[in-house]
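These entries record what I looked up in this structure. I began with charged side chains and then turned to pockets.

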Amino acid sequence: MVQTNGAEEQAQRPLWIGITTRHGDDGWVQRNTRNYVEVVAAAGAAPIILSPDQPARLPDGRSFAPDAQGRLGVEILGLLDGLILSGGGDVHPRYFGQPLAGAELDSIDEKRDELEIELALAALADDLPLFGICRGCQLLNVAAGGGMIQHLDGHRTPEGGATVYHDVELAPGSRLHAIVGASVLPVNTFHHQGINAPSLAPLFTPVAGAQPDVWLVEAYESAAHRWLLGVQWHPERHFELDAGHRRIWESFFAACGDYRAQT
């Protein structure tokens, strides 16, 4: 039998991609996190659910239990090849120095905030490929020192209603523009909070603006990181994906593969 060393085994295994979510039980994940799991699995990678209330379990049997504050500990990031901060409820405004002024209290989960802020800060420091989606886009911006508008009208698909779409304009010369290969991208919209230029963290560069609300930052990236993207829409809704969105996911997974090969 051929023996392999640890480095060879590491290179041969599927990518391990962390996906944050509010709850880690199977029912919640099936109802609320399934699309992220399916996109990751379709790429041949292993989705690792990271929640503030259930142990994170790796394919090799190791597990990491959250503490009383919901934090898993940054050590788990050393075993992952990429991190997706997923969509969900509102971030508590105390994390960006504001009182409640439009954030929906019933949707706030401070244990999830603690989990994701700790992971986001560590991922930034480690230069781990990082994809922030909707809430995840907002949370990552807050973790990096930014804020947000706690409520805005006209950008939330009605619950149970037909999905609302609008165009975003991609900044020429940006990494996102190069990945998508187009200047305009149609996106879905499910959010009632958002980021504008004054609330964007200094680390980030806006690379997509909403149409017609050009002041609303729909996507940002970081020149200081190998692959970092925050988007205000939901590209994990794979049944709606066009070629531009598929290229974003392909770029993310390629960056995760490069990260594993280089670390």
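I looked up Arg260 and found that it forms a salt bridge with Asp81 (a side-chain nitrogen of Lys or Arg within 4 Å of a carboxyl oxygen of Asp or Glu), with the closest N and O atoms 3.9 Å apart. Arg260 lies in helix α6 (residues 243-262) and Asp81 in the loop between β4 and β5, so the pair ties together parts 179 residues apart in sequence. Helices (H or I, at least four residues) and strands (E, at least two) are DSSP runs numbered from the N terminus.

I note that the model is predicted: local features need pLDDT of at least 70 and side-chain atom pairs pLDDT 80 or more, while totals for chains, interfaces and linings use all residues. Residues are numbered from 1 along each chain as its sequence is written, and side-chain values use heavy atoms, with hydrogens and water left out.

I then checked accessibility, where buried means under 20% relative accessible area, exposed over 50%, and partly exposed in between (1.4 Å probe, protein chains only). Arg260 is buried at 12%, and Asp81 is buried at 2%.

I looked next at Arg22, whose side chain meets that of Asp109 in a salt bridge of 3.1 Å, N to O. Arg22 sits in the loop between β1 (16-20) and α2 (26-42), and Asp109 in the loop between β5 (82-85) and α3 (110-126), 87 residues apart. Arg22 is partly exposed at 21%, whereas Asp109 is buried at 14%.

I found a further salt bridge between Arg71 and Glu114, at 2.8 Å, N to O. Both residues belong to a network of salt bridges that also links Asp67, Arg94 and Glu110. The count of salt bridges comes to 14.

I turned to pockets (on a 1 Å grid over the protein atoms alone, open sets of points where a 1.4 Å probe fits, with protein on both sides within 12 Å along at least five of seven lines; lining residues have an atom within 4 Å of a point). The largest pocket has a volume of about 1000 Å³. I recorded 34 lining residues, with Asn32, Gly87, Gly88, Phe190 and His234 nearest its centre. Helix α2 gives the largest share of this lining, seven residues.

Which residues line the second largest pocket? Among them are Glu38, His238, Trp249 and Phe253. This pocket holds about 160 Å³ of space, and α6 gives the largest share of its lining, four residues.

Key
Points joined across faces, edges and corners; volume = space filled by probe spheres on them.
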